[in-house]
Amino acid sequence: MTRRILLGVCGGIAAYKAADLTSFLVQRGDEVTVIMTAEAEQFVGALTFAALTRRHVYASLWDAPESIPHISLVREADVLAVVPATANVIAKFAQGIADDLLTNAALAARIPMVVAPAMNEAMYEHPATRENIRLIESRGVTIVEPEIGFLAEREFGVGRLAAQPALVAAIDAVFERKRDLEGERVLITAGPTREAIDPVRFLSNASTGTMGIELAREALLRGGEVDLILGPTTVAPPRGARVVRVTSAQEMYEAAMARFVGADVAIASAAVADWRPNKSSLQKVKKGDGPSLLALERTPDILASLGERRSGAFLVGFAAETEKFEEYAREKLRSKHLDAIAVNDVRNAGIGFGTGDNDVVMLWGEAGRRELGRASKRTLARRLWDTLLEIRRSRA
Ligand code: CTP
């Protein structure tokens, strides 16, 4: 099957590298259609891409308007790759601004997007650009990070367009992604919970929900239908998930129970508070009246309750431990009636709660064990799903 790649080229020195990429893709048999921004045409001529692709090069919304190019081009492609992407175009993608053909096409795109930024280091590191990249990434766009190297300004820094193999790998990953959750319903709990002491004070923990959010994103990419029960966090959930926002363990319990019916896979990644104040005040407690001791009671164990009610769902838990990791985790695997448990060491700085990285060991059955290694939570989410589905297949 021919791969249909829509390539957006923006105005930067690296635009010439997009010609090289086009040549590579065409030679291996891909069908490449190019959209250039007006600024890109200042750097490379449309003729170059027309000759390389043997196809019309689109540069304006008013170019062949009868075909409504901003819609038809994204409908007729499998992926939209933007190489190089300037700070400006990334900002427009982030805000949904559509003021030329490429940005209109991006807004209309329901196909996967790959964006390869290239710009001066100061622009790349500007908080606005960082935030815009984070935002589009949270919506599922693949970012191909620029390299550190010699920049056009004759400075050394980060911002150089990623090398061609990295660009090709990111495009290929779109085609290689397995759709192995097609038609399945996935339930994921994620994030911390907050247990109120009074209207302004609570007990909670340092979880940001990132691991569960990445698991939800990966499940969506694999074709699953995802219910994400999410505690208080500022990390954005992926587009396409049905998100239920909750605050307390009790609310998370109720939402999870309601959506467990009919789920094919349930993953409890939430860092649920284990205790709550046994009474919470409706009014703010004045500090003079404050208790010197806080009386606590247990919150419901959501995962254990799912384990008791399981009816065919593949059930997965997490264990955050600071000692005797695998021993404690195996105990949870048994006592909560789980199919698998992912153990992470939260003792180590730089991994686990609130960070981009994690280090996970998966345990299942009597002696099943696999180290998934230390990696970003996005990468680990992919490995976790690969492993979980493999375990499930081996049981079937
Ligand atoms: N969990 C849950 N509801 C709770 C507590 C935990 O659903 N009230 C789930 C977590 O989402 C995780 C697993 O149980 O998947 C294990 O959580 P962890 O905090 O490691 O263990 P606990 O069961 O709370 O046990 P302990 O605190 O004794 O380690």
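Predicted model: local features only at pLDDT ≥ 70, side-chain atom pairs only at ≥ 80, totals over all residues.
Visitor: How do you know that domain 1 and domain 2 are in contact?
Guide: Contact means heavy atoms within 4.5 Å. Five residues of domain 1 are in contact with six residues of domain 2, so the two domains touch by that definition.

Visitor: How much area do domain 1 and domain 2 bury between them, and which residues of domain 1 lose the most?
Guide: The two domains bury about 430 Å² between them, with 39% of it on carbon and sulfur atoms. On the side of domain 1, Glu 137, Ser 138 and Arg 139 lose the most area to domain 2, together 68% of what that side buries.

Visitor: Why is the meeting of Glu 137 and Arg 378 called a salt bridge?
Guide: The name requires a side-chain nitrogen of Lys or Arg within 4 Å of a carboxyl oxygen of Asp or Glu. The side chains of Glu 137 and Arg 378 meet at 3.4 Å, N to O. That value is within the 4 Å cut-off, so the pair counts as a salt bridge. Across the interface of domain 1 and domain 2 the rule finds one salt bridge. By class, the side of domain 1 that touches domain 2 has one nonpolar, two polar and two charged residues.

Visitor: What makes β2 and β5 edge strands?
Guide: Five strands form an open sheet in the order β2-β1-β3-β4-β5, with parallel pairing. Strands β2 (31-36) and β5 (142-143) each pair on one side only.

Visitor: How do you know that β4 and β5 pair?
Guide: Pairing needs at least two bridges between two strands. Strand β4 (residues 113-117) and β5 have two bridges, in the parallel sense, so they meet the requirement. In this pairing, Val 115 stands opposite Ile 143 in β5.

Visitor: What joins β18 and β19, and in which sense do they pair?
Guide: Strand β18 (residues 357-364) and strand β19 (residues 368-376) pair in the antiparallel sense over eight bridges. Asp 357 stands opposite Ser 376 in β19. The two strands form a hairpin with three residues between them. In the turn, Gly 365 has a positive phi of about 55°.

Terms used: Residues numbered from 1 in each chain as written. Heavy atoms only, no water. Buried area = accessible area lost by both parts, 1.4 Å probe. Nonpolar A, V, L, I, M, F, W, Y, C, P; charged D, E, K, R; others polar. Helix = DSSP H or I, 4+ residues; strand = E, 2+ residues; numbered from the N terminus.
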